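Please open the model in your viewer and keep the selection panel at hand.

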Amino acid sequence: MKIASDPTGLLGIAGIVVPSIGVAIVPIWAFPGTHASDASLLAWALAHQGRLQATMIANTCGVTLWLAFAASLRSRMRSALPPASTLPDLFGAGMVAMVGLLLAGFTAFDVVVYRADQMSAADARTLYDLAFGLLAMSGMPTAVARGPTRAATRPRRG
């Protein structure tokens, strides 16, 4: 089996397909809202514990693939842009921060899922809120990564 010398496209596709499996197992829109009571949140995690574990494995693998995709794309940007361009580094930094925050959020949620039968409803709520907060904060570095990508790919006039 020959491995492609530039896996960027394959990594990008895999980074979408793998988390899609997680969505098929337990769709994110089925998760309790932030208004759900502590007790109902914990009961939900207990009721769906096995499926949530499978979902989080798919999500974690998929987001980790985003990091590999970003490294590959950063390399392509580096070779396509002028040597002094900071765009590849801004993109890479944004992607590393985004993936880091997502994985940290997943970790907090994974603790709820893994330990649901051993924790209080208040502890589950705290970790659930922390997970959502970290996931929400990933939007800022996403913007940092998206800006350089847009700047590097916009049509040149002249």
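Begin with the lining of the largest pocket, whose residues divide into 15 nonpolar, 4 polar and no charged; here Ala, Val, Leu, Ile, Met, Phe, Trp, Tyr, Cys and Pro count as nonpolar, Asp, Glu, Lys and Arg as charged, and the others, Gly among them, as polar. This is a predicted model, in which local features need pLDDT of at least 70 and side-chain atom pairs count only at pLDDT 80 or more, while totals for chains, interfaces and linings use all residues. Residues are numbered from 1 along each chain as its sequence is written, and side-chain values use heavy atoms, with hydrogens and water left out.

Select V23, I28, N59, F106 and L135, which lie nearest the centre of this pocket among its 19 lining residues. A pocket is an open set of points on a 1 Å grid over the protein atoms alone, where a 1.4 Å probe fits, with protein on both sides within 12 Å along at least five of seven lines, and lining residues have an atom within 4 Å of a point.

Next, select helix α1 (residues 8–25) and helix α3 (residues 49–80), whose axes come within 8 Å and cross at roughly 165°. The two helices are therefore roughly antiparallel to each other, a term for angles over 145 degrees. Their contact has 15 nonpolar, 8 polar and 2 charged residues.

Finally, select F31 and W44, whose ring centres are 4.9 Å apart with planes at 55°, so the pair is tilted; rings pair if their centres lie within 6.5 Å, and planes under 30 degrees apart count as stacked, over 60 as edge-to-face and the rest as tilted.

Terms used. Axes are lines fitted to C-alpha atoms, for helices over the stretch in contact, and angles run from 0 to 180 degrees between N-to-C directions. Helices (H or I, at least four residues) and strands (E, at least two) are DSSP runs, numbered from the N terminus. Angles under 35 degrees count as roughly parallel, over 145 as roughly antiparallel, 65 to 115 as roughly perpendicular and the rest as oblique. Rings of Phe, Tyr and Trp (its six-membered ring) pair if their centres lie within 6.5 Å; planes under 30 degrees apart count as stacked, over 60 as edge-to-face and the rest as tilted.
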